[in-house]
Amino acid sequence: MLFYSFLTVNFRNGFLFFMNIILPVVLLLLFGSVFGKQESQITVAFYSDRQLTDLNSSWNRLESIPTVEEMKEMDSDIVIIANDGKIDVYLLSSFSSVDSEVTMFRLKYASAQNEKPIVNIVENKITFKRQLSDLEYIMIGVIAISLFSVGMNAGVTLFSEYVQYGLFRRFMLTNVNRLYLLLSATGAQIITGIISSGLVIAISWLIFKVNLFISPQFIFMYLFVVFASIMVSLGLGVVLSLIFKKSASTIAQILYTIFMFFSGVYFPITFLPKPLQIVSYFTPPRYMHVLFQKVYGIDIISIQGFWITCVLFIVIGAALGSYAIGKFLKPA
Amino acid sequence: MSNNGETGSATVLEVNNLKKYYPSVKAVDDISFEVNAGEIVSILGPNGAGKTTTIEIIEGLRTKDEGEISYFGRFKEVNNEVKNRVGVCFQENSFFEDLTVSETIRLYKSLYEKSLDTKELIEIFELGEKVKTRIRHLSGGQKQRLAVALAFVNDPDLVFLDEPTVGLDPHARRNLWEIILKFKSQGKGIVLTTHYMDEAQQLSDKVYIMDHGNIIAAGSPQELINSSGLESVIEFPEESSALFEDVIIAGEYAYLHIRDTVSAIRKLLESNVTNFVVRQPTLEDVFLKLTGKKID
């Protein structure tokens with residue numbers, strides 16, 4: 001029931017709902033509309049044994065069938081090889097929805113002056129080290145910063161506002177124990193975080209055609225990163241509450257704004273002046289962003305580094321949360 | 001002598017020589033009292049008398065320096081069983097403002113091993129119409145009723161009610177008195193802190209008056225009135241207080257506690273003071289006499 005209460009409050013409280021759900025979507029739309037245009041221009045390279053007409057001018061015609069190694073060197077999202085009535089589609093970018101491009105090509109190929117009908121269309125995925133597009137980078141940043149917001153605001157609400165309003169004093173008179181309280185609070189934030197990031201992923205796909213859906217083999221990693229992100233952010237909220245007490249909420253909003261711009265989640269840190277780049281090393285969203293990139297198959301961190309960071313985040317959050325709950329559930 | 005059984009006269013709370021000293025003040029200075037099952041005990045005192053500190057120590061919200069507290073004749077500290085059997089309504093209550101009344105009751109029920117039926121509680125405290133209303137949309141009086149309801153949510157044997165009728169209109173106050181008396185008749189021991197003297201007088205079996213961390217008077221309301229030596233009280237405007245030597249001034253009024261009522265009235269009339277009231281002493285007069293202050 002305590003878990004249900006925390007979760008319900010997250011969705012009924014106007015401020016928390018705005019920070020946890022609305023703001024990430026607003027940021028997504030804002031940055032998506034700025035960077036989305038370039039992403040909608042999916043680059044296509046194709047080889048066709050038929051003469052095709054009226055193709056998009058940005059499509060790049062290949063004179064011969066490339067090898068896989070040659071494809072990896074190409075700066076294209078997809079490579080389409082149409083030969084002898086068979087179409088092979090090579091997806092070089094796992095983040096873009098290419099259905100419309102493939103459909104358009106198929107129609108052009110089928111309607112060309114020809115001898116044979118289309119026999120088959122085969123989609124091939126080529127996996128190799130790749131860079132994120134600006135939009136993909138930002139969308140993942142939106143997820144990281146939204147989870148940061150969910151966790152930090154939970155910490156501040158629990159240990160600053162609820163303590164201030166006396167709710168913890170009331171809990172002290174019941175049999176609630178600190179582990180149950182901590183698990184209920186963090187559990188509610190994790191569900192909120194999953195919903196918030198799920199919304200970002202869905203809107204990214206629906207509006208900007210950026211495919212941020214998690215591959216099944218990465219689901220566990222994704223859930224672990226959500227948990228770790230919430231815990232470390234909650235820990236930061238606890239620290240703010242212990243230091244700033246009644247003004248913790250205001251400080252949290254200031255920090256959120258600073259982190260948004262200086263953690264490098266909305267643009268690469270190298271864009272920042274050198275002194276400010278140092279600031280980014282002290283911002284949790286920076287590391288959360290890195291962890292999420294790993295979930296999306298970007299080798300920005302080793303797998304050992306990934307798990308160590310996650311566990312460290314969880315330990316920090318659990319220790320701080322447990323300390324704060326113990327402190328506030330102790331007689332004065 | 002305590003009766004440690006679970007019968008009607010069992011001692012549910014026994015406080016002996018309780019002390020809590022802060023560097024600059026003796027907040028609670030060696031006080032002792034007890035509460036029996038089926039009894040309402042009021043603790044009265046001016047601001048800073050030590051009432052809240054005393055209650056918070058007993059509830060387990062503060063540590064004590066010295067003394068012994070015995071709960072239900074068995075427990076010397078606030079353990080889980082004590083928590084299960086104690087209900088509390090703070091003076092200032094806080095809730096999850098975005099939960100509804102029924103969700104809030106269910107939440108608190110879930111934090112105890114035993115509880116009263118939600119519907120029954122809602123019915124008793126007349127919260128039926130607001131059961132699906134979020135707390136933030138309740139009036140002050142409705143919130144107060146909910147806070148008192150939550151003090152009884154775990155069907156406690158010992159209940160602490162700190163200013164339970166603050167913010168209620170006179171009708172709602174009377175209703176709440178009836179509810180409190182009903183719970184008392186079920187054998188619950190109730191510790192009441194109130195600044196409404198009529199409330200203490202109406203509800204209490206025993207009253208403890210505290211000042212400067214000490215209990216300065218104890219007894220039933222009638223015993224306190226009888227033992228105060230007050231026969232009648234004359235209440236008149238403060239600007240005429242110079243007419244008498246032993247008056248107590250509280251706000252715009254002066255209070256004269258006197259045996260020779262006739263001569264005092266004559267003196268007032270001779271001085272052209274006609275807006276005075278002569279009445280029987282109340283618990284408030286006892287309080288005023290003992291502390292020299294009207295309760296805030």
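Visitor: Which residues of helix H3 (residues 101-110) of chain B are buried?

Guide: This is a predicted model, where local features need pLDDT of at least 70, side-chain atom pairs count only at pLDDT 80 or more, and totals for chains, interfaces and linings use all residues. Residues are numbered from 1 along each chain as its sequence is written, with chains lettered from A and ligands numbered from 1 in the order in which they are written. Buried means that 20 or more other C-beta atoms, placed from the backbone, lie within 10 Å of the residue's own. In H3(B) the buried residues are Val101(B), Glu103(B), Thr104(B), Ile105(B), Leu107(B) and Tyr108(B).

Visitor: What covers the buried residues of H3(B)?

Guide: Helices are DSSP runs of H or I, at least four residues, and strands are runs of E, at least two, numbered from the N terminus. The cover includes helix H4 (118-124) and H5 of chain B, together with helix H1 (2-12) of chain A.

Visitor: Which are the edge strands of the open sheet in chain B?

Guide: Six strands form this sheet, in the order E5-E6-E7-E3-E8-E9, with mixed pairing. Two strands pair if DSSP finds at least two bridges between them. Each edge strand pairs on one side only: strand E5 (86-89) and strand E9 (214-219).

Visitor: What is the bridge partner of Ile209(B) in E9(B)?

Guide: Strand E8 (residues 206-211) of chain B runs antiparallel to E9(B), and five bridges join them. In E9(B), Ile209(B) has as its bridge partner Ala217(B).

Visitor: What separates the centres of domain 1 and domain 2 of chain A?

Guide: Domain bounds come from an automatic or database domain assignment. Domain 1 spans 2-36 + 132-328, and domain 2 spans 41-125. Taken over C-alpha atoms, their centres are separated by 41 Å.

How values were computed. Buried ≥ 20, exposed ≤ 12 C-beta atoms within 10 Å, placed from the backbone. Contact = placed C-beta atoms within 7 Å.
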